Amino acid sequence: MTPILAGKILWVLTVVGWYVIRYPFERRARRNRVARTRRGVPETIRMLISLSGLGILPGLYVATGFPRGADYSPSWLQIGLGLLVMIGALALFRLTHKALGKMWSVSLDIRERHELVTTGIYRRLRHPMYSAFWMMALAQTLLIPNLVAGLAGLVGFGILFFSRIGPEERMMEETFGAAYRAYCERTARVLPGIY
Ligand code: SAH
């Protein structure tokens, strides 16, 4: 086994783990109907960009080796760090889904009987699922030994994150008003105490 092969296998396992965690919540949330949404062309574009960076480009690399010119040889230490970050990302991802429960959405939706979740992993952070995605993108960078396919996750998710966070917080504020403003004051976005 080479570090390159180990990295590729671990990246595939990350995607499988991500889907296994998400699927039951996706099914459950379908039963809680959407009351209002911020979906639209900009939201679709940023989701496609993020999907390309976190899924399509690294998937193409794992399947075909494209783009070969950007390959490099990773050390076992790099792959080991990638594994640790991957485990942390998936654990955090699961905590966020458990806390959001029926309020979960793949996009920007407010559901019928939507409640503001401020407990569990949402006590100190207001976007812990995005923290998990940042960690997943970092794990991808460590596990995929190709400068283009490896870094595509950070770039793709970064574009989604910085363009979505404003509309998402406005939507939450319109829905929950003073309660959300107070919640913002006592929480950080993705890094406790820092940002
Ligand atoms: N930004 C959050 C959630 C992403 S999922 C995070 O990173 O953890 C996006 C959906 O979650 C949106 O449709 C929004 O309505 C919902 N949401 C986000 N924060 C929430 C909260 N604190 N309580 C309830 N729903 C929330």
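**Salt bridges and their setting**

Mentor: A network of salt bridges links R36, R38 and E174. The model is predicted: local features need pLDDT of at least 70, side-chain atom pairs count only at pLDDT 80 or more, and totals for chains, interfaces and linings use all residues. Residues are numbered from 1 along each chain as its sequence is written, and side-chain values use heavy atoms, with hydrogens and water left out.

Trainee: What makes the contact of R46 with E43 a salt bridge?

Mentor: The term requires a side-chain nitrogen of Lys or Arg within 4 Å of a carboxyl oxygen of Asp or Glu. The closest N and O atoms of R46 and E43 are 2.8 Å apart, so the pair qualifies. The structure holds eight salt bridges.

Trainee: How far apart are R46 and E43 in helix 2?

Mentor: They are three residues apart in helix 2 (residues 41-64), which means a separation of about one helical turn. Helices here are DSSP runs of H or I with at least four residues, strands are runs of E with at least two, and both are numbered from the N terminus.

Trainee: Why are R46 and E43 called buried?

Mentor: Buried means under 20% relative accessible area, exposed means over 50%, and partly exposed lies in between, with a 1.4 Å probe and protein chains only. R46 has 9% relative accessibility and therefore counts as buried. E43 has a relative accessible area of 2%, so E43 is buried as well.

Trainee: Which parts does the pair of E43 and R164 tie together?

Mentor: E43 and R164 meet through their side chains in a salt bridge, at 2.6 Å from N to O. E43 lies in helix 2 and R164 in helix 5 (residues 147-176), so the pair joins parts that are 121 residues apart in sequence. Both E43 and R164 are buried.

Trainee: Are R181 and E173 buried, exposed or partly exposed?

Mentor: R181 has 42% relative accessibility and therefore counts as partly exposed. E173, with a relative accessible area of 33%, is partly exposed too. Their salt bridge has its closest N and O atoms 2.7 Å apart.

Trainee: How do you know that helix 3 and helix 4 are roughly antiparallel?

Mentor: The axes of helix 3 (residues 76-100) and helix 4 (residues 128-143) come within 8 Å and cross at roughly 160°. Axes are lines fitted to C-alpha atoms, for helices over the stretch in contact, and angles run from 0 to 180 degrees between N-to-C directions. Angles under 35 degrees count as roughly parallel, over 145 as roughly antiparallel, 65 to 115 as roughly perpendicular and the rest as oblique. Helix 3 and helix 4 are therefore roughly antiparallel.

Trainee: What makes R113 exposed?

Mentor: R113 has a relative accessible area of 65%, so R113 is exposed. R113 lies in the loop between strand 2 (109-111) and helix 4. Its phi is near 55°, a positive value in a residue other than glycine.

Trainee: Which peptide bond is cis?

Mentor: The bond from F66 to P67 is cis, with omega near -5°. P67 is found in the loop between helix 2 and helix 3.
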